[in-house]
Amino acid sequence: EGCSIPAVEDRAIQLNQLVYVLVCIRCGCKEYGWTDAEGQALTSSCVNLYHLVELLVKPATASRECSFVELMAEGPQPCKWFVSHWWGEPVCDFTACLRQHAKDRNLDRAARYYWVCAYANNQWNVSGEIGEDPSNSSFRRAMRKASGTVSIVDKDAFCYTRVWCIYETYVSTLEQAAHQHHGSERYLFDIYTNENPDAREAVGITDGIAAVDGTGPKQARRKRHREWRFPFELIQKALDIKVERAFASRESDRRMILNSIAGVSDLTAPPDTSHPGYDLLNDVLHGRFSAASFCKASSLSVDLAKHASALSCSQLQTLCLHFGGDCLEKLVDNAVVILASNLPETLLDLFLGFQGCRKLTDVSAAALGKALQRLKHLHKLELRLSTGPQITDDGLCAFAQGLASRADSLEWLALDFCPKGGKKRISEAGCIALAEGLEHLQLLRQARVSLAPSSRALQKSLAKLGLLTPTQNE
């Protein structure tokens, strides 16, 4: 019989309940011969939410005219994660994405509540649930309660041509961040798809490190391994998305949402065809995909211009790039120069792992040092240029000059320049240059520096800064 849940934001669906929906779909197709609007027989692998609302959700809720969640729940089920998606995505793929998301994030049972509009909104009174102002809609109320958004991407990235998906991306990446209080948990934006023919599981691009990536020095590598399976062709499509071209089933919705993004007070007015607000959202969305694919693009030897441009404008505050796999043999200085010159100036936390990349030289170290002069907000930096890159005193000196420019921001630092096999390309002169750079970093609270030679100059600099962590020789 279910229950009554007046607050729509408390009508999230539990992951196990979504699995039960799959059972209903299989039964409907096999036992009841479900067909689409044209009378074509449906299979469980192709049933989407357009089908499901007409074949299951509305028939099941007809007597009560309530939401589908109210039919299944015993009480309020507050939103933990908001799901942004296109209704044309097969429900089985949709569910596979959320299963993988829960696994990657290691969500316990209490956190596996996903707000899905088709199940949360009363399909007998959708306009009443949404209202006339997106900021007061059921979608927005659910996102205010959520820890983050899971954006589910179909094989053609069609979801990003739907204006409601665009609005959900806008709120998740820009509006939530703007209203976030200092010290509060950061609102997350994870991207998942089940459209990789070479994978047995759905794959996701997570906002930062996920629980499945573990802890310690190998977590960046695990994140790269996991996200490497995200289809590169799908990322290429996402990089071409333009939010101003999004459409809706109702023209009034398109006007309302584009005007909201543009900050226009009259939500019913014809929206501008171009606007800085659209450009900003395009930059943020493209940047998420660029950050997740830059390493792979480098290994494929494709033109990095589009990825670099997207990264530069991304507004990202955290970036983690681990260059492994084919990059060990293929990554060249020019790619690192392009990356360094396009790192977003909004960065607070930066990890770059180039260990083992055999073709890198002092050119890369110098480019990264030059980039630090632009990253005026950078608090945390970890750079690995060990066991492969051929860095000498010249490269270390050039990098140290850039490092010194971060005197007013850098608080945490980890550097690894150990050469392969203990070959000493860096002498005491290079260590002294780095030591002088470190002495400028008056805000530094923690440091770990790994070099082949044991350097008294470096130890002295760290001691002068009052850091207990000695220079490591690994």
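**Exercise 1.** Work out whether F139 is buried or exposed.

*Solution.* Start with the cut-offs: buried means under 20% relative accessible area, exposed over 50%, and partly exposed in between (1.4 Å probe, protein chains only). F139 has a relative accessible area of 6%, so F139 is buried. F82 comes out at 0%, so F82 is buried too.

A quick note on the ground rules: this is a predicted model, where local features need pLDDT of at least 70, side-chain atom pairs count only at pLDDT 80 or more, and totals for chains, interfaces and linings use all residues. Residues are numbered from 1 along each chain as its sequence is written, and side-chain values use heavy atoms, with hydrogens and water left out.

**Exercise 2.** Classify the ring pair F158 and F247.

*Solution.* Rings of Phe, Tyr and Trp (its six-membered ring) pair if their centres lie within 6.5 Å; planes under 30 degrees apart are stacked, over 60 edge-to-face, and the rest tilted. Here the centres are 5.7 Å apart and the planes sit at 65°, so F158 and F247 are edge-to-face.

**Exercise 3.** Find which lysine lies over the face of W124.

*Solution.* The test asks for NZ of Lys or CZ of Arg within 6 Å of the ring centre and within 35 degrees of the ring normal. K58 lies over W124, at 4.7 Å from the ring centre. Likewise, K380 lies over the face of W412, at 4.6 Å.
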